[in-house]
Amino acid sequence: MQFLILLAQILFLGTVPVLFFGLILWLIRHMIIFLLGGPVGRKVQKFLFACTAPVRAAGHVMAAVLFWHRVERVRFLRWNAPDGELAFVEHSYHPRNPVALLGNFFYALTPAFLSLALTLAVFLLCFDGVTQGLVETVSALEGSGSFVDYARAAWGLLPAMFSSMKEHAALKILGALLLLLLSMGAFVSLRELVDAFTGILLYVGAALLCCGVLFLLDARVRRVALGALRAFATGVTALFLPLLLAALALLAFAAIFYLVRKLYAVPGEEDAESELAEKR
C-alpha cells in the first residue's frame, strides 16, 4: 500500500499540474480562436499567437533532440501561413526506440514548460521580490506541509503580483501584458497527448522504477524526494495561475469581440467567411 501511495504521489506531483492547467489553456485557446472569427479576428489571432509560436517550436525542437528524434524541418514563424500554422516542427523517430517513444510525451509537455520558464523570467524582471516570497514560503514547509498549505502558497503569488502597484507600476503593467501573450503558448495539445499514448505508458513505467528505487532507500531520502516534487508542483501551479487569469481575460475580450462582430457585422465579412469555408 505504501508503495502505491508513493507511486501516486510521484505521478501526481510530476505531471498532473502541467497537464491540468495546460489542457485548460488549450481549451480556452480554441474558444478564443472560435470567437475571433472573420478576417479582422484572424489578424488579432496572429498578433496574440505570433509571440509564443517560436517558443513552442523551440520547445518541440528541444524535446526532439533530447529524446533522439530527428528534426527534419523547422519554421519558427510564418506570418502569412496559408494553413494558419504560425510555426511547425517536422520530426521523425525509430518506432522501436523506447527513449524516442518516451520522448513523445515530453514533446507534448516541453513547450508548456518553456513557456513557464519565460513566465518565471517575467516575474523576476517585472515583479521584483514576488517569487522570493513564494520560495521562502515553500521552503518553510520543508516537505511536511499539507496539500492545502502548498495550494495556499501557490495561490499567494496572485495577490502578491498586484500589491504595492505604486512601486514600479510601469514595469508591472509591462509584465502583465507579457503574461497575456505567454498565456497563449503555455497550453498542452490534446492531439499531441493522444499521439504520445505509448510514451505515457513508458513514463508510468519509469515512475514505477523510480518508486522502487526510492522504496529501497532510507525514509529520509523519500521525504527529501517528495519534498522536492511538492515544491516543483507548487511552483508550476503558481506560475500557471496568472497565465490562466490572463487567458480568461483574453477570452472575455474575444467574447466581447464576437458580440460586436455579430451585432455590427462588417460589410463583406460574412461573404469572406463563406468563401473560406467553400475553399476548405
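Guide: Start with Val148, which sits in helix 6. This is a predicted model.

Visitor: Is Val148 buried, partly exposed or exposed?

Guide: Val148 counts as partly exposed, because its relative accessibility is 48%.

Visitor: Which residues make the nonpolar surface patch?

Guide: Phe12, Val16, Phe20, Phe147 and Val148 make a patch of about 500 Å². Helix 1 (2–35) and helix 6 (147–155) each supply at least two of its residues. Helix 1 gives the largest share, three residues.

Visitor: How is a pair of aromatic rings described?

Guide: By the distance of the centres and the angle of the planes. The count here is eleven aromatic pairs. Take Phe21 and Phe240: centres 5.5 Å apart, planes at 15°, so the pair is stacked. Phe21 is in helix 1 and Phe240 in helix 11, 219 residues apart. Phe21 is buried at 10% relative accessibility. Phe240 is buried too, at 0%.

Visitor: What about the pair of Phe113 and Phe232?

Guide: That pair is tilted, with 6.1 Å centre to centre and 40° between the planes. Phe113 lies in helix 4 (residues 98–126) and Phe232 in helix 11, so the pair ties together parts 119 residues apart in sequence. Phe113 is partly exposed at 27%. Phe232 is partly exposed at 36%. Ring pairs also link Phe67, Phe105, Phe106 and Tyr203 into a cluster.

Visitor: Which residues touch the most other members of the largest nonpolar core?

Guide: Val18, Ile32, Phe123, Phe127 and Phe240, out of 64 residues. Helix 11 (residues 219–263) gives the most to this core, twelve residues. Another core, of seven residues, lies apart from it and includes Leu6 and Leu226.

Definitions and conventions:
Residues numbered from 1 in each chain as written. Predicted model: local features only at pLDDT ≥ 70, side-chain atom pairs only at ≥ 80, totals over all residues. Heavy atoms only, no water. Core = buried A, V, L, I, M, F, W, Y, C linked by side-chain atoms within 4.5 Å. Buried < 20%, exposed > 50% of the residue type's maximum accessible area, 1.4 Å probe, protein only. Helix = DSSP H or I, 4+ residues; strand = E, 2+ residues; numbered from the N terminus. Patch = residues over 30% accessible without salt bridge, like charges linked within 9 Å, V, L, I, M, F, W, Y side chains within 5 Å. Areas by Shrake-Rupley, 256 points an atom, 1.4 Å probe, with all protein chains shown as cover. Salt bridge = Lys/Arg side-chain N within 4 Å of Asp/Glu carboxyl O. Phe/Tyr/Trp six-rings, centres within 6.5 Å; stacked < 30°, edge-to-face > 60°.
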